[in-house]
Amino acid sequence: MIHLENVEKVYRTEAGEVRALDGVSLDVQAGEFIAIMGSSGSGKSTMMNIIGLLDDPTAGTYTLDGADVSKLDDDTRSKLRGRLFGFVFQSYNLVPRMTAVEQVELPLLYQRGTNRRAMALEALDRVGLADRASHQPNQLSGGQQQRVAIARSLVVHPNVILADEPTGALDTRTSEEVMGIFGNLAREQRITVVVVTHESNIADFTNRTVRMRDGLIISDERRLQVIPSSASSPDASIPVSEVGS
Amino acid sequence: MSILDSIRTALRAIAANRLRSGLTALGLVIGVASVIVLIAVGQGAQQGVQERIRGLGSDLIFVKPAAQTDRSTGARGAQGGGITLTAADADAITEAKIPGVVGIAPQLSFNAQAIAQSQNLGVTIIGTTPSYADVRDARVAQGAFIGADDIDRRSLTIVLGSAVAASLFPDGDAIGQQVRIALGPQGFNFRVLGVMEPRGGTGEQDNYAFIPVSSLSARFQFLRNPRGDISVNQINIRTAPGAKQEPIETAITDVLAQRHQVVTPDFTVQSQNDLVGAAAEVSRTLSILLGSIAGISLIVGGIGTMNIMLVSVTERTREIGIRRAVGARGTDVMRQFVTEAIVLSLVGGLIGTGIGVGVAMGIDGRDISGTAMQTAIQTWSIVLAFGVALLVGLISGSYPAFRAARLDPILALRSE
Ligand SMILES: Nc1ncnc2c1ncn2[C@@H]1O[C@H](COP(=O)(O)OP(=O)(O)O)[C@@H](O)[C@H]1O
Ligand SMILES: [Mg+2]
């Protein structure tokens with residue numbers, strides 16, 4: 001459903017041109033759970049931003065569910081972004097002084113529909129944070145904040161969740177919990193999950209690893225089965241809501 | 001995003017940072033309050049002046065000596081300063097039988113001390129004729145007003161204003177008593193003929209004491225005219241109710257110009273309407289001045305609002321990035337900040353109105369450095385101040401909101 005073909009992204013700066021993406025082609029199917037790896041500056045975030053319609057490519061085409069979305073106007077991109085994508089960031093990116101449930105309601109504010117509160121509570125419940133609904137970010141641990149961010153990304157029932165180094169600020173145990181949640185979302189709800197990571201044990205949770213260097217994809221490996229890296233990894237039989245806490 | 005959601009979001013953002021919100025609104029609070037107070041003060045002053053002039057009585061024309069220029073120094077004296085009018089001028093106007101004129105009363109007024117028993121009081125002495133009562137609509141409460149025989153006999157009789165009578169004769173019963181009128185070295189005893197009804201208003205006219213004009217120039221040397229005429233410093237002319245005053249003023253001017261045989265008139269003819277108009281002009285200027293000061297403070301308040309809105313946008317760059325990432329369009333972000341500015345200015349306007357009305361009511365009637373303040377709160381000034389505050393809020397919120405909407409979502413998300 002995601003199809004990138006020879007996508008380039010060139011930033012023009014005072015110091016000259018930066019070729020952040022230098023002709024990237026990638027195909028992603030619904031329900032895939034993908035890790036993007038590569039050293040810093042290799043273009044991972046740039047590619048994520050283009051996939052998530054936060055940015056547009058300088059050259060090449062991006063086809064989403066068969067429609068060319070490489071050159072959309074800002075408003076259309078915003079609308080599609082809100083409906084189809086959920087974002088999770090390394091720094092959580094929660095709004096200060098806003099309760100967890102309000103954070104999760106945020107994407108629904110920009111869409112039609114009612115029952116925002118109920119949907120937000122349901123999403124919080126799915127990441128095991130129903131009892132923290134009225135907590136503000138500074139009253140939550142890093143892992144809990146990231147789970148609020150995940151709840152916010154999935155409240156709109158997105159097709160794709162894009163997580164840019166979601167475990168970068170978390171300890172190993174919490175990182176594994178987060179990856180467990182992503183794995184379940186991909187498996188049970190056929191949400192495509194793309195995770196940028198530096199750590200191979202995190203990448204091991206996924207069933208495909210794409211490696212980048214200097215704005216190019218240098219390898220793309222699929223694994224047929226999830227190979228948990230440790231015994232504490234979640235099992236498909238455990239509901240997401242019971243993970244962690 | 002619905003309007004209701006926008007307002008709710010704005011209220012939440014305002015409540016989340018009360019200090020910043022308070023500072024943002026403060027400029028507008030002060031601006032709105034000062035517009036309301038200053039316009040109330042200006043209008044109050046205007047009403048006060050108009051009430052005073054109306055208190056003179058209606059359908060009146062006043063003739064006064066013109067301001068005189070001292071030929072050697074070129075210094076211009078105050079209007080009415082030089083005594084060039086005489087009781088004979090008043091008689092000439094009467095004899096001219098100008099249509100529309102129903103009564104004429106000359107007057108010679110000066111300030112003097114009135115002494116009776118143990119009481120001593122500064123009063124305004126009005127030397128006049130019996131027609132004064134009708135012309136100026138002044139009614140006697142007890143006793144009688146000056147009569148024709150008082151004029152003929154130049155009698156030492158006096159009619160007291162209500163306040164004068166109350167001060168000199170606290171026990172009442174002023175009629176027939178003696179009052180000494182002293183001016184400089186000279187003083188004469190007058191017998192009280194009557195007491196006037198209170199005139200109210202500023203109370204100025206209740207402090208008058210009336211004496212036959214003929215008696216004044218007969219007794220007080222300094223009032224004597226070199227040619228033996230009776231000098232007056234004002235001629236009051238009552239016109240028929242609703243009569244057009246301009247032609248009457250012209251006719252009076254003609255009569256006096258002929259009598260005085262002067263090129264530049266040494267007198268002025270003014271109707272009550274002229275006075276009201278002139279006073280209105282002055283107080284309108286005052287109102288405009290006060291209003292402009294208030295307007296400037298409102299604009300300064302608006303600039304403060306813009307300043308803090310800009311800071312707010314910078315501070316919340318990451319929040320803007322988050323909202324963009326979850327589907328907010330540039331216009332949604334813009335609307336959020338504009339709504340915040342409008343809600344803030346509404347709140348600021350409401351508080352400012354409360355303070356402004358409170359202060360204007362609080363100082364009404366108070367004595368501020370010797371002047372009795374009079375305020376008149378104007379509904380239009382509240383509407384105006386509120387409208388301008390909203391407009392200023394809208395304008396000062398628009399630019400920061402525009403900047404917020406134009407932010408690159410990716411850079412916004414990365415900002416600290
Ligand atoms: N807005 C930008 N302006 C200029 N250069 C940029 C911008 N964003 C990213 N880059 C450059 O593009 C390259 C790829 O960046 P990025 O995609 O963030 O890498 P990664 O996420 O893999 O660390 C880097 O060299 C980075 O400096
Ligand atoms: Mg990156």
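Predicted model: local features only at pLDDT ≥ 70, side-chain atom pairs only at ≥ 80, totals over all residues.
Visitor: Start with ligand 1. Which residues come nearest?
Guide: A:Gly41, A:Gly43, A:Lys44, A:Ser45 and A:Thr46 come nearest, out of 13 residues around ligand 1.

Visitor: Why is the site shared between chains?
Guide: Because the residues that surround ligand 1 come from chains A and B.

Visitor: Which elements of chain A supply at least two residues of the shell?
Guide: Strand S1 (2-13), strand S2 (16-28) and helix H1 (44-51) each do.

Visitor: And which gives the most to that shell?
Guide: H1(A), with three residues.

Visitor: What is the shell like by class?
Guide: Eight residues are polar, three are nonpolar and two are charged.

Visitor: Now the oxygen atoms of ligand 1. How far is the side chain of A:Ser45 from one?
Guide: An N or O atom in the A:Ser45 side chain is 2.7 Å from an oxygen atom of ligand 1.

Visitor: What about A:Thr46?
Guide: A polar atom in the side chain of A:Thr46 lies 2.5 Å from a ligand 1 oxygen.

Visitor: And A:Ser42: what part of that residue is involved?
Guide: The backbone. One of its N or O atoms sits 3.2 Å from an oxygen atom of ligand 1.

Visitor: How much of ligand 1 does the protein bury?
Guide: 71% of the 560 Å² that ligand 1 exposes when taken alone.

Visitor: Change of topic. Chain B helices. How do H11(B) and H12(B) cross?
Guide: Helix H11 (residues 330-363) and helix H12 (residues 379-406) of chain B cross at roughly 155°, and their axes come within 7 Å. Angles over 145 degrees count as roughly antiparallel. H11(B) and H12(B) are therefore roughly antiparallel to each other.

Visitor: Left-handed or right-handed?
Guide: The H11(B) and H12(B) crossing is right-handed.

Visitor: What residues make up that contact, by class?
Guide: The contact of H11(B) with H12(B) has 18 nonpolar and seven polar residues. It has no charged residues.

Visitor: Next pair: H2(B) and H9(B). What is the angle there?
Guide: Roughly 180°, between helix H2 (residues 18-54) and helix H9 (residues 272-315) of chain B. Their axes come within 8 Å. That makes H2(B) roughly antiparallel to H9(B).

Visitor: And the classes in that contact?
Guide: H2(B) and H9(B) meet through 21 nonpolar, 18 polar and four charged residues.

Visitor: Last pair. How do H3(B) and H8(B) pack?
Guide: Helix H3 (residues 87-95) and helix H8 (residues 245-260) of chain B pack at about 130°, with axes 10 Å apart. That makes H3(B) oblique to H8(B).

Visitor: Which hand is that crossing?
Guide: H3(B) passes H8(B) in a right-handed crossing.

How values were computed. Residues numbered from 1 in each chain as written. Chains lettered and ligands numbered in written order. Heavy atoms only, no water. Near = heavy atom within 4 Å. Polar contact = N/O pair within 3.5 Å; in protein donor to acceptor, adjacent residues only side chain to side chain. Areas by Shrake-Rupley, 256 points an atom, 1.4 Å probe, with all protein chains shown as cover. Helix = DSSP H or I, 4+ residues; strand = E, 2+ residues; numbered from the N terminus. Nonpolar A, V, L, I, M, F, W, Y, C, P; charged D, E, K, R; others polar. Axes fitted to C-alpha atoms, helices over the stretch in contact; angles between N-to-C directions. Parallel < 35°, antiparallel > 145°, perpendicular 65-115°, else oblique. Left-handed = near helix turned anticlockwise from the far one by under 90°.
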